[in-house]
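Let's walk through this structure together, one piece at a time. Keep the 3D view open as you read.

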Amino acid sequence: MTPDSPYALAMRQTGDAPERDDFLGRWRGLIAEAVDRLRRAGEMEGTNHPVSRARSIDVDPQKTAMLILAALHGGSTLSHVTQDAWPLNAALDMALAAFSTPENPHSIDAGTERSDR
Amino acid sequence: MTTADTHTGKRLTARGAKTRARIVSAAADLMYIQGVGATTLDDVLAASGASKSQLYHHFDGKDALVRAVVDHVGQRIIERERDALGHVATFRGLRRWRDAMVQNNALQHGAYGCALGSLASEVSDHDALARQALAQLFSEWQGLFAGVLKRLQDGGTLPADVAIDKLATGLVAALQGGYVLAQTERDVSPMATSLDMALAHIESLSER
């Protein structure tokens, strides 16, 4: 994430409190919709991917969206102070673990090393 | 008795150290409640009751004061977290830590967030020293979680191939992000949810 990216701008604490609350609420809603679409797709196509199927069916879109948004914020803060993308990557990988592919489960839900350093 | 001032290298008398501590403590409170950017040196003078010459005796300016606040707040939080996490070796213990964090934040309806996280989100790109100090503090915090996960692994609760560093970083991020969302909503539940989801993920790794 570069300093001028839309995400960096979106996470800046600007605007008054109700405006920010509304903004984050709508952002979370969009993420929840995307998570729900992925979950449904996993249910339908999951027969070839037993692991992703089993894991994605019990995904709660609202709660998962909350973790994704929190990971994005918290991970960005850590990446900002360390000037290193690794913390944001680690945080998002954890938040998106339910959608890891069974072919390479360790790339997302466990990831055994800091290969991107 | 004299102690060395870590930033200016000046030797402090007991009285000087007391004045310095009073200034830092007042500045930390102000920056926690109204933010770093909105806190002026005049605010700090008024809140601490120190004189301008006393303040400038200890600090070159606002950047130096912000660095002292980072040290002060960081030390307090890392000590608290070391007490809370230093011996945790079970999921139950980790849940108890979560309950205490959520409970404490609920007292203020999540209004002010994490003192360290607020500093981190506000510290500017030009202040490399403050940023490095914050990076070091978050790395210590991450290390405490890594210690918990390592003990879970040693005890056979978590599989040996789990990437502890990565999960520990994810936990710190979920906690910090949860604080920010709770702060915006003036409600602790986003923080509770994001911590619960992060902990549930870690617990799910033990069931594979």
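What you see is a predicted model.

Now turn to where the chains meet. Chain A brings 31 residues to the contact and chain B brings 33 residues. On the chain A side, α2 (17–45), α4 (61–82) and α5 (86–95) each supply at least two residues. The largest share of that side comes from α4(A), with 16 residues. By class, the side of chain A that touches chain B has 16 nonpolar, 10 polar and 5 charged residues.

Let's follow α4(A) across to its partner. A pair of packed helices is described by the angle between their axes and by the distance between the axes. For α4(A) and helix α6 of chain B, residues 115–122, the angle is about 60 degrees and the axes are 9 Å apart. An angle from 65 to 115 degrees would count as roughly perpendicular and one under 35 degrees as roughly parallel; α4(A) and α6(B) are therefore oblique to each other. The crossing of α4(A) past α6(B) is left-handed.

Which residues of α4(A) and α6(B) meet? From α4(A) come Thr77(A), His80(A) and Val81(A), and from α6(B) come Gly117(B), Ala120(B) and Ser121(B). In terms of class, this contact of α4(A) with α6(B) holds 2 nonpolar, 4 polar and no charged residues.

The last stop is α5(A). Why is α5(A) described as largely enclosed by the rest of the structure? A residue counts as buried if 20 or more other C-beta atoms lie within 10 Å of its own. In α5(A), 7 of the 10 residues are buried, so this helix is largely enclosed by the rest of the structure. The buried residues are Pro87(A), Leu88(A), Ala90(A), Ala91(A), Asp93(A), Met94(A) and Ala95(A). Their packing partners come from both chains: α4 of chain A, together with α8 (164–185) and α9 (189–205) of chain B.

Note on methods: Residues numbered from 1 in each chain as written. Chains lettered and ligands numbered in written order. Predicted model: local features only at pLDDT ≥ 70, side-chain atom pairs only at ≥ 80, totals over all residues. Contact = placed C-beta atoms within 7 Å. Helix = DSSP H or I, 4+ residues; strand = E, 2+ residues; numbered from the N terminus. Nonpolar A, V, L, I, M, F, W, Y, C, P; charged D, E, K, R; others polar. Axes fitted to C-alpha atoms, helices over the stretch in contact; angles between N-to-C directions. Parallel < 35°, antiparallel > 145°, perpendicular 65-115°, else oblique. Left-handed = near helix turned anticlockwise from the far one by under 90°. Buried ≥ 20, exposed ≤ 12 C-beta atoms within 10 Å, placed from the backbone.
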